[in-house]
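Subject: Structure handover and findings

Hello,

The structure is below for your files.

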Amino acid sequence: MKIMPIDSEESPLYPGNITLEERLQRLVQLSDARINMLASATTSKVDNIRPVVGKLIAGTYYIVQAKIGTPRVPFYLLLDTGSDSTWIQSSDCRPCFKVKGGSFNYKKSRTFHITPCDSEACLSRQCNKDNRCFYTQGYGSDGAVTSGFFASETFRFPCELPNDREEVVEIGVGTSNRNIKFGPKDSPDNIIAGIFGLGAGSTAFPSITSRYKRFSYCLPPLLENTKTTILTFGSEAQIPPTTLQIQSTPLLEGPVDALYYLDCLGMSAAGLRLQIPNDTFKIKNNEGGLITDTGSPMPSIYPVAYEALKAVLKDYFLKFDMVPWQRPYGLDLCYDRPNRFIRFPTITFHLSGADLLLEPHQIFAINEDQFCLMFRPDKDISILGAFAQSDHRFMFDLDQRKMSFVREKCAPN
């Protein structure tokens with residue numbers, strides 16, 4: 001499946017030929033919006049996060065195009081690793097948000113089949129008067145709701161590998177005919193028609209389709225390249241042969257079913273273990289933890305870890321007489337870069353059974369004259385975001401409940 005960053009030239013949300021500084025500012029805005037959504041979910045104990053469907057801030061960094069139904073009609077969906085639900089807004093939706101080109105008209109599709117209440121595919125176990133399997137999905141804590149009925153439908157995903165083929169998959173999908181506080185109230189240029197849920201819960205696409213319970217991806221660096229990349233499912237989801245060590249760490253059960261929780265034992269920076277409590281990243285009282293999330297561009301960590309990280313990095317750069325730069329874009333630790341300085345430190349997340357080592361370009365935004373730390377503090381949630389995940393091959397196995405990874409130069413496509 002081809003997935004694209006919203007800044008990609010192939011993306012319908014492409015902002016045009018923006019500068020590196022403008023792209024950096026957008027990443028900060030997107031990250032803050034995403035962190036707020038995830039924090040809302042973890043503190044409100046809801047099962048899904050509400051992405052904002054709109055032109056400027058999509059609330060998640062990647063989108064996917066699918067041709068849905070027969071005859072096939074192309075739509076764009078938010079790719080959301082914080083959501084279990086895959087749904088598309090239907091043309092008979094009341095109330096609903098505007099979609100450029102119109103919402104999905106399921107009545108015209110020959111491959112659309114309504115899920116009856118007595119079917120095993122009726123995951124909600126709710127029934128309406130027409131014997132349709134009905135669902136209601138809340139997002140966040142502000143009353144945003146989408147509802148409709150379950151169905152099966154044919155999705156075709158442009159792949160480009162190996163011969164520009166389309167992957168054809170029959171998917172259980174929510175047909176949303178009622179949206180409250182979801183999406184822009186008046187945005188005729190909006191092209192996002194729904195959500196493709198890639199969360200960890202039992203109703204997400206990988207879990208309900210047995211042959212796709214394993215998936216892998218390799219994200220190119222966010223500031224160096226905004227081209228599309230490939231998300232691979234099933235038997236083709238492999239880590240290629242390599243001389244490097246392939247590491248694995250368990251996926252934990254957490255407070256929010258949709259999220260991918262990791263068992264983080266601590267962090268190191270510049271070769272020094274951060275002096276933080278051993279349980280900093282542990283799930284406590286059904287809250288907290290460290291999650292991995294491609295929808296968040298920047299990583300975030302709890303304030304106690306963030307302050308410890310900053311202290312170590314400040315001491316490190318003090319040895320080189322670095323001059324602080326006036327913290328633009330809301331970033332907290334920036335320096336002038338003298339003489340194309342290259343002796344940047346690394347950061348390691350110590351996970352159960354594995355160490356995830358981040359190289360400088362996975363930690364800092366670096367240009368010719370300045371550089372900034374691309375981490376954010378947050379008191380509610382710690383996130384291993386897409387910036388830190390770049391140039392690694394990740395493979396998720398939901399049957400074995402583990403995440404495996406290895407360093408890899410992630411080229412576009």
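Grid points are joined across faces, edges and corners, and a volume is the space filled by probe spheres set on the points.

This is a predicted model, in which local features need pLDDT of at least 70 and side-chain atom pairs count only at pLDDT 80 or more, while totals for chains, interfaces and linings use all residues. Residues are numbered from 1 along each chain as its sequence is written, and side-chain values use heavy atoms, with hydrogens and water left out.

Cavities

A search of the whole structure finds 3 cavities of 30 Å³ or more. The largest cavity holds about 90 Å³ of space. Its lining includes Leu20, Glu21, Leu24, Trp325 and Tyr329, and also Phe371 and Cys372. Helix 1 (20-44), strand 24 (364-366) and strand 25 (370-373) each supply at least two lining residues of the largest cavity; helices (H or I, at least four residues) and strands (E, at least two) are DSSP runs, numbered from the N terminus. By class, this lining has 8 nonpolar, 2 polar and 1 charged residues. Here Ala, Val, Leu, Ile, Met, Phe, Trp, Tyr, Cys and Pro count as nonpolar, Asp, Glu, Lys and Arg as charged, and the others, Gly among them, as polar. The lining of the largest cavity draws at least three residues from each of domain 1 (2-44 + 52-235) and domain 2 (241-407), with domain bounds that come from an automatic or database domain assignment.

The largest pocket

The largest pocket has about 610 Å³ of space. It is lined by 32 residues, of which Asp84, Leu123, Phe150, Thr203 and Ile208 are the closest to its centre. Two or more lining residues come from each of strand 5 (113-114), strand 6 (134-139), strand 7 (144-158), strand 8 (166-180) and helix 2 (205-208). Strand 8 gives the most to the lining of the largest pocket, with 5 residues. The lining of the largest pocket divides into 12 nonpolar, 15 polar and 5 charged residues.

Strand 7 is mostly covered, with 13 of its 15 residues buried. Buried means under 20% relative accessible area, exposed over 50%, and partly exposed in between (1.4 Å probe, protein chains only). Two strands pair if DSSP finds at least two bridges between them. Strand 2 (residues 62-68) and strand 7 run antiparallel and are joined by 2 bridges; Ile68 stands opposite Phe155 in strand 7. Strand 5 also pairs with strand 7 in the antiparallel sense, over 2 bridges, and Ile114 stands opposite Ala151 in strand 7.

The core

A nonpolar core is a set of buried Ala, Val, Leu, Ile, Met, Phe, Trp, Tyr and Cys residues joined through side-chain atoms within 4.5 Å. The largest nonpolar core has 105 residues, and those with the most contacts inside it are Phe196, Phe317, Phe349 and Phe375. Helix 3 (residues 303-318) gives the most to this core, with 8 residues. The core draws at least three residues from each of domain 1 and domain 2.

Backbone details

A cis peptide bond joins Thr70 and Pro71, with omega about 5 degrees; Pro71 is in the loop between strand 2 and strand 3 (73-80). Another cis peptide bond joins Arg94 and Pro95, with omega about -10 degrees, and Pro95 is in the loop between strand 4 (87-89) and strand 5.

Asp321 is not a glycine but has a positive phi of about 55 degrees. Asp321 lies in the loop between helix 3 and strand 21 (334-336) and counts as exposed, at 67% relative accessibility. Asn339, also not a glycine, has a positive phi of about 50 degrees. Asn339 is in the loop between strand 21 and strand 22 (347-351) and is exposed, with a relative accessible area of 78%.

Regards

Technical notes:
1 Å grid on protein atoms, 1.4 Å probe; cavity = no way out; pocket = protein on both sides within 12 Å on 5 of 7 lines; lining within 4 Å.
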